Amino acid sequence: MAVFISICTQKGGTGKTTLTMHMATYFHAVEKKNVIVLDADFPQHSFFNERALEITKLRQDTELLADLQKQGRAPYDVRKVSMTDAPAMLDSLADQPDTLVFLDMPGTINIAGYDQVVKRLDYVILPMEADKLTFAAGMMTLDAFSKIGRTKGKPLKSYLLWNKYKSSERQAIYESIESMAAQRGDLTILETRIKDSVIWKNNRSTLFPHPEIKRLIYEINQKFALN
Ligand SMILES: Nc1ncnc2c1ncn2[C@@H]1O[C@H](COP(=O)(O)OP(=O)(O)O)[C@@H](O)[C@H]1O
Ligand SMILES: [Mg+2]
């Protein structure tokens, strides 16, 4: 069975695409999982476009090509899809064995097809920053998701992931957000904190994994039922 995962929240710039890319690439290249990414983030489709750019670069760089060949597998599938077509695409992928499907979605949920996609998701990861706006957006997203029915009664598991974490930030902010999140009862806080660092921007790739994401992947392997 395929597992459907989305890193999403109703706010732009929180790291949805960046984290999706690091995770998808690591799962594919290092963990040797079958990975498919559905880029439904209209109109940017930055995941799909970055893959296209990387393939163009690869054609001009024999060293990079050799690095990729060392992985011994073809790059994972990245499909550009509209939110209205995404539900049918998920249904067509549902029976694929041992497959992780990542959905990169827009930062607004008021679009046709969104509820139909949410119905089908297995895991949602809400990227969180230490500010009230991001927290409010995350909680609104979760509240909206809880009102959407489930396909075949399968539960949706929701996780909070600290992104752009700053150890210089007042720790009380993290603690207060975590305690509000814990009070909900429908949200698990991931222990891994993704630091605020340019490494995430500078090393994001649909082809080459970055080792810094390993800790998060390890935690996800422990907590998610991926196969
Ligand atoms: N942990 C991080 N540290 C520093 N910059 C980050 C981090 N995560 C994301 N970013 C940057 O934040 C910006 C928005 O990220 P992006 O993944 O495009 O967000 P979204 O998809 O939620 O709109 C990008 O410039 C990205 O490089
Ligand atoms: Mg994005």
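Biologist: Which residues are closest to ligand 1?

Modeller: This is a predicted model, so local features need pLDDT of at least 70 and side-chain atom pairs count only at pLDDT 80 or more, while totals for chains, interfaces and linings use all residues. Residues are numbered from 1 along each chain as its sequence is written, chains are lettered from A and ligands numbered from 1 in the order written, and side-chain values use heavy atoms, leaving out hydrogens and water. Ligand 1 has 16 residues around it (a heavy atom within 4 Å). The closest are Gly13, Lys16, Thr18, Asn163 and Lys195.

Biologist: How far is the polar side-chain atom of Thr18 from an oxygen atom of ligand 1?

Modeller: Polar contacts here are pairs of N or O atoms within 3.5 Å; within protein, one must be able to donate a hydrogen and the other to accept it, and residues adjacent in sequence count only if both atoms are side-chain atoms. A polar backbone atom of Thr14 sits 3.1 Å from a ligand 1 oxygen. For the Thr18 side chain, the distance to a ligand 1 oxygen is 2.6 Å.

Biologist: Is Thr14 buried or exposed?

Modeller: Thr14 belongs to the loop between β1 (2–7) and α1 (16–29), with helices (H or I, at least four residues) and strands (E, at least two) taken as DSSP runs numbered from the N terminus. Its side chain reaches the backbone oxygen of Lys11 at 3.4 Å. Buried means under 20% relative accessible area, exposed over 50%, partly exposed in between (1.4 Å probe, protein chains only). At a relative accessible area of 1%, Thr14 is buried.
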